[in-house]
Amino acid sequence: METHVVDHPLAAALLTTMRDARSSNPAFRAALRELTHMLIYEAIRDAEIEEFEVATPVAPARGVRLANPPLLVPVLRAGLGMVEQASSLIPQSQVGFVGMARDETTHEPVPYLESLPEDLSGIPVYVLDPMLATGGSMVRTIELLVERGATDVTAVCVVAAPQGVAALADSGLPIRLVVAAVDAGLNEDAYIVPGLGDAGDRQFGPR
Ligand code: PRP
Ligand code: URA
């Protein structure tokens with residue numbers, strides 16, 4: 001599996017704001033939005049483009065646009081904080097939704113919402129979820145996408161644990177990972193260490 005860690009001082013500074021337990025919910029959401037901007041830039045770097053001609057005020061010029069705009073899929077709740085920024089960067093993209101909650105005892109993902117186009121064949125899909133911990137939620141989400149014909153899926157995450165990266169790699173699913181940091185590991189509650197806590201709660205408050 002191709003893994004791209006976005007190693008950039010501005011990304012690291014935004015991630016620091018997100019890690020800091022003193023950051024307010026609005027400060028956390030703002031940093032996530034800005035960091036999403038950088039992650040999407042990297043995720044889309046090698047996307048196929050098509051050329052077309054535009055007229056500048058002076059002369060004809062070659063223009064480009066994305067040949068195949070992606071479907072964006074935020075994983076609720078935490079991925080919601082990434083979707084507005086991603087869709088404003090790629091205005092031609094469409095948006096689908098997956099709701100996935102981790103069972104607090106077993107840490108297994110429990111799907112509760114699937115609002116996606118029927119047929120995803122030939123469509124690149126970007127799954128937006130800040131946290132890749134055990135990897136269970138991301139693998140389950142990508143399975144839902146593959147059942148609908150997706151063959152080109154990019155997981156766009158903020159923080160990953162090595163266990164989550166390994167779970168994606170071992171799943172055999174067609175995935176690329178773009179992430180701002182791979183942390184040390186997981187604690188006994190399957191939270192990423194040092195991580196940033198519960199990304200849903202830190203954006204929206206406790207459930
Ligand atoms: C978080 C996070 C991921 C999942 C990661 O969601 O946003 O979806 O946990 O954990 P995993 O890799 O071990 O599956 P959570 O279930 O806490 O729901 P929320 O976004 O609604 O808070
Ligand atoms: N979900 C989160 O929001 N944070 C973690 O560290 C692990 C799962």
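Predicted model: local features only at pLDDT ≥ 70, side-chain atom pairs only at ≥ 80, totals over all residues.

Reader: Where is Thr-134, and why is Thr-134 called partly exposed?

Author: Thr-134 is in the loop between E9 and H4. Helices (H or I, at least four residues) and strands (E, at least two) are DSSP runs, numbered from the N terminus. A residue is buried with 20 or more other C-beta atoms within 10 Å of its own, exposed with 12 or fewer, and partly exposed in between; the C-beta atoms are placed from the backbone. Thr-134 has 19 within 10 Å, so Thr-134 is partly exposed.

Reader: How do you class His-107 and Ala-190?

Author: His-107 has 15 C-beta neighbours inside 10 Å, so His-107 counts as partly exposed. Ala-190 has 16 other C-beta atoms within 10 Å and is therefore partly exposed. His-107 sits in the loop between E6 and strand E7 (109-115). Ala-190 sits in the loop between strand E12 (185-186) and E13.

Reader: What makes the phi of His-107 and of Ala-190 worth a remark?

Author: Most residues other than glycine have a negative phi. For His-107, phi is positive, near 65°. Phi of Ala-190 is also a positive value, near 65°.

Reader: Which residues of H5 are buried, and how do you know that they line one face?

Author: In helix H5 (residues 162-171), the buried ones are Gly-164, Val-165 and Leu-168. Seen down the H5 axis, they fall within an arc of 100°, so they line one face. That arc is taken over the directions from the helix axis to the C-beta atoms. Their cover includes strand E1 (2-5), E9, H4, strand E10 (153-160) and strand E11 (175-182).

Reader: Which residues come nearest to ligand 1, and what makes a residue part of its shell?

Author: A residue is near a molecule if its C-beta atom, placed from the backbone, lies within 6 Å of it. Ligand 1 has 23 residues around it, and Arg-77, Ala-78, Thr-134, Ser-137 and Gly-200 come nearest. Arg-77 is in the loop between E4 and helix H3 (80-89).

Reader: Why are the bonds into Arg-77 and Pro-194 called cis?

Author: From Leu-76 to Arg-77, omega is near -5°, and the bond is cis. Between Val-193 and Pro-194, omega is about 0°, again a cis peptide bond. Most peptide bonds are trans.

Reader: How do you know that the chain agrees with a compact globule?

Author: The radius of gyration is taken over C-alpha atoms, and the globule rule is 2.2 Å times the number of residues to the power 0.38. For 207 residues the rule gives near 17 Å; the protein chain has 17 Å, so the two agree. Of these 207 residues, 35% count as buried.

Terms used: Residues numbered from 1 in each chain as written. Chains lettered and ligands numbered in written order. Contact = placed C-beta atoms within 7 Å.
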